[in-house]
Amino acid sequence: MENLTVAVAAAAPVRGTAKRDALRSNEKSVQQKWEAHKAFESEPEYGDSTKESFMVTFPYPYSNGHLHIGHAFTLTKALFRAQYERHQGKNVLFPFAFHCTGMPIQAAANKLKTEIALYGSPPQFPENDAEVRAKMEAELVEKAIAKAKAAAPEAKAKSGRTKLVAKTGGGIVRQWNILKMMVPEDEIPQFVDPYHWLQYFPPICVEHLKNFGACVDWRRSFITTAVNPYYDAFIRWQFDTLRKKKKVLFGKRNNVFSLVDGQVCADHDRSEGEGVGPQEYVLIKLQVLPVEEDGPRHAKMAKLLEMAGRDNKKIYFVPATLRPETMYGQTNCFVLPEGEYGAYTVDATEEIFIMSPRSARGLSCQTYQDGQYYTKEFGKIDCLETFKGDELLGLPLKAPLAKYEKVYTLPLLTISMFKGTGIVTSVPSDAPDDYVSLKALQDKADFRAKYGITDEMVLPYDVVPIISIAGYGEASAEFMCKKLKIKSPNEKAKLTQAKDETYLKGFTIGIMTVGPYKGKKVSDVKPIIRQEMIEAGQACLYFEPESRVVSRTNDECIVAATDQWYLAYGEESWTELVKKHVLGDNFNAYDANALGRYEYTIGWLKEWACTRQFGLGTYLPWDPVWVIESLSDSTIYMAYYTISNHLQGNNNLNGDPSKSPEQIDPKDLTSEVFDYIYLNKSFPDDCKISEEKLKSMRDEFRYWYPMTLRISGKDLIGNHLTMALFNHAAIWEDEPELWPRGYYCNGHVQVDAQKMSKSKGNFLMLDDTVEKYSADATRFACADAGDSLDDANFSRETADSAINSLSNEETWMVETVASSDLRTGDEYNFMDNVLVNEINRLIASCGEAYATMQFREGLQRGWHEMLLARNDYRSWCNDSSIPMHKTVVSKWIEALVILICPICPHWSEKVWSKIGKEGLAVKASWPSADVEDKLLTRQAKFLRDALKKYRGNIGKAKKGWKSASILVTNSYPEWKVNVLEHMQEQYSDDTGLPTTFMKDMKKWSGQNVTDKRLIKDVMQFASFMRDESNEVGRVALDLELAFDQFAILEVSLTYLKCQLNIPELDILDLKTVEDVPDRVAGLVSPGGPHLWIR
């Protein structure tokens, strides 16, 4: 899936490494121990004692280099969850494989071959000469600046090195030099053979993952492509099955194409745009109406209209849109004043389209309907007239579905002529760019005058509400522009944020408020409106690459309709099955935004070209001139994991038949054999494999499936992850209980709050990072990095700190367990009970965090807060001259070791053994815990808060104070009693206080507090008690405390004296002290004792 890459991180200052070295030494020892015990080799368990299975998978990485920290970050989500589920007593399977299908390896091998042919071996590149290099880099800079300027005419060109050049480390990239960072130089020539890559990199990745402590069942590992005959047979069966179900079809389909080369431009043929595919747009036909103004500006159009009228043809502006359902809200059409446009004859419709030359070139290679191309001759289109954008401004148009009978072309200075048709139809209600651009024209008379736009063309056109979005209103673009305070079309970052949010929300939860589908969900009616507009002649389809693609012959590629095998993802019943599953109770996306993206992709995903004529992979069984492409041979391979241990086994990534554990010949793996294993069909006639072996594989597949969880980066939602759902739904159409149960996605990872970059020295390779910080410290920093779809941050400082923390805690635990200074016996004091209760609370909350994929939260609960709880206990005991209790400390140590085990398993394994526990820590049960005593939690918090508050009091006290006392009271003043009684009435045991509580409280205060000077105090007190009730429940609102605060302070008095460094400190009941000033007395409340310094 994701390419493996290589880079060298900047050297960090040399520090003492003894602790790191000790961690690494232990990790190697523990990994050997795991291997000896086959700790992660998972076997199905049948019968009455069947363990619940838990299968977690990770998208196999592309094997053209080494793994980096980005891979590791996402991988840890699978490692952490897998280990947590082992502690829960589940039978966990985590397999791993390596992807080699497609063009990147082939392209890299070809590039290396060319370099050796041109420059020798080892090559003498021209840029080795400093003067030549400077010249080459300067040329690259100029090209990058020219490209950026053409894409965004109004943007100011950046001086010096552009982002493109900086990103490529000087812009000169040689395959030889890339390999030189990973491979001994004398071996590099072997890499001209693409198959050598498949032998070289996957085994290295296995070793790097083992060094990282990956809990993988390596018997199930494999590489893809026809090199592996077992996996090859599996993929051929998959496609045979899909074809039988009429999911694979043949016909003209859209592909990225080079007109200069006259062929599909596959990845290896591209100098720019690797991995980019076709994007479908809808061209909206805005008919040009008779010219309304005299003068030279519209003379060409007037003449063209006259000519078209004689031929009975209509002229249309054809903006490209991804959102045809929003056309009800059109208010105008935008063009770029400096842009180049043309009027082109469209033979298929007998119409004339106004569009950019670039888009017309693409349209001429595409089909209109029923295989008929838009133009008579493929790749050629007649241009009747050319226009500068300013010659098109002020033209009247008729926009289909629009409320307004007539709209006008207006100027927009941020249009890119390298995207779409260079024409934009404006829907300011739901497109933030359109809203802010129309508003600028309406607000600035001088701007209108500059481009000859009259008031009548702009001012009467109000925003037309068309879609209602909960929380955003009926004009989401206006809402977001005001929310983000966007004033100018040039605020690109904010506009992108606004656009992404409104488009996603509009699709997933938007409701149409106009037209025949008023009241229906946008996601449901979008394809219907699109199709109706096409059938009515109001629109047609147009395709172009998702982003710029340039062939190696320097031709900017277009999308062309060519003969192709394709997967019919857009088929209605198939789409509905997948959508129902994803939105149902049997699928967990772990994140509402991710779920919205799946729903969007399911609705968007259409026919997908599943074969190529170049590259590595499996040949299409019935048409072997085609190779199955890389996104299509990686959709149900998770099912292959469940039997690959029978077919390939250990140390057999390439699928050597002589190493097969069951001695199965891959030639005997017919479609009927796989039907028996995967589809429960009858044992095939004349089968050369025994039924016993096949039944064992069938049973194992049924045991592990469905896949419980798949972990991935968010960028795969739009393709691989959704395609996997479609393919599972097709292959196991009658068994939805076998479809994936959950997907978890994370964002990209930064390093030290910056995007990973070679030039910044923060591009971290996995194995280098493990050697520098240790595996456990690296995993610790990955856990701390974050868990949402937003970008996470791997902090090298955190990894460094983890080395110290892990080492120090190990030393303390071992010494403490061996100590003879600990108390024993059945009697627990207050702080013993507090620590036991904290352990119970943190065991539960850490487990909940792990189960919901919130590993940063789990680290906080299972490590940081556990340490804080121990620190408080240790300080209290030391300061009170009371030994710690052996049972309590042992419970804490044993719990901590397992709570952190999913994240730092090597460390846990060592400590588990050192404290005398039997067996492997990774096989240990999750710590048992009693239900948290919330009252005791409140008592502990009472003591912590009091100490924190007293430290602040002393810090603020005037110099020269003589004595200090803790003032305690068990009763509230009358005004607080009134507030609490009101809050008790508002409180619900099920939902707590209302969400509008503070707003309602303000009104209540105005009506019930007679002394208006108290209102501020009342609101502050109510806010504080609301937070308390959110934390501990209704008891926070009791008029009398549920615990004896005096007793807690008294038993902790020696501890408080030591912590506050006050030799003399007493506790006084406010009721019995007569000389307390009113100001001081007002600071004392139940549960809020005050330190009276005087």
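How many helices and how many strands are there in the chain? There are 35 helices and 33 strands, where helices (H or I, at least four residues) and strands (E, at least two) are DSSP runs numbered from the N terminus. This is a predicted model, in which local features need pLDDT of at least 70 and side-chain atom pairs count only at pLDDT 80 or more, whereas totals for chains, interfaces and linings use all residues. Residues are numbered from 1 along each chain as its sequence is written, and side-chain values use heavy atoms, with hydrogens and water left out.

**View 1. The whole chain and its dimensions.** The C-alpha trace of the chain spans about 105 × 85 × 70 Å along its principal axes. The radius of gyration of the chain is 35 Å, which agrees with the value near 31 Å that a compact globule of 1094 residues would have; this radius is taken over C-alpha atoms, and the globule rule is 2.2 Å times the number of residues to the power 0.38. Of the 1094 residues, 54% count as buried, a term that means under 20% relative accessible area, with exposed being over 50% and partly exposed in between (1.4 Å probe, protein chains only). Among contacts (heavy atoms within 4.5 Å) between residues at least 6 apart in sequence, 77% join residues at least 24 apart.

**View 2. Helix H19 and its cover.** Helix H19, residues 671-679, is mostly covered, with eight of its nine residues buried. Among these buried residues are Phe674, Tyr676 and Tyr678, together with Asp675. The elements that cover the buried residues of H19 include helix H8 (229-244) and helix H18 (637-647), as well as helix H20 (691-704) and helix H21 (717-731). After H19 comes Asn680, which has a positive phi, near 60°.

**View 3. The loop that holds Arg548.** Arg548 is placed in the loop between strand S21 (539-545) and strand S22 (550-551). Because its relative accessibility is 32%, Arg548 counts as partly exposed. Although Arg548 and Glu272 are 276 residues apart in sequence, their C-alpha atoms are 7.3 Å apart in space.

**View 4. An annotated span, residues 968-1041.** For these residues UniProt lists, in an unreviewed entry, "domain: Leucine--tRNA ligase RagD-binding"; UniProt positions are given in the numbering used here, feature names are shortened, and annotations may be inferred rather than shown by experiment. In the model, the span 968-1041 is 58% helix and 1% strand, and its end C-alpha atoms lie 12 Å apart.
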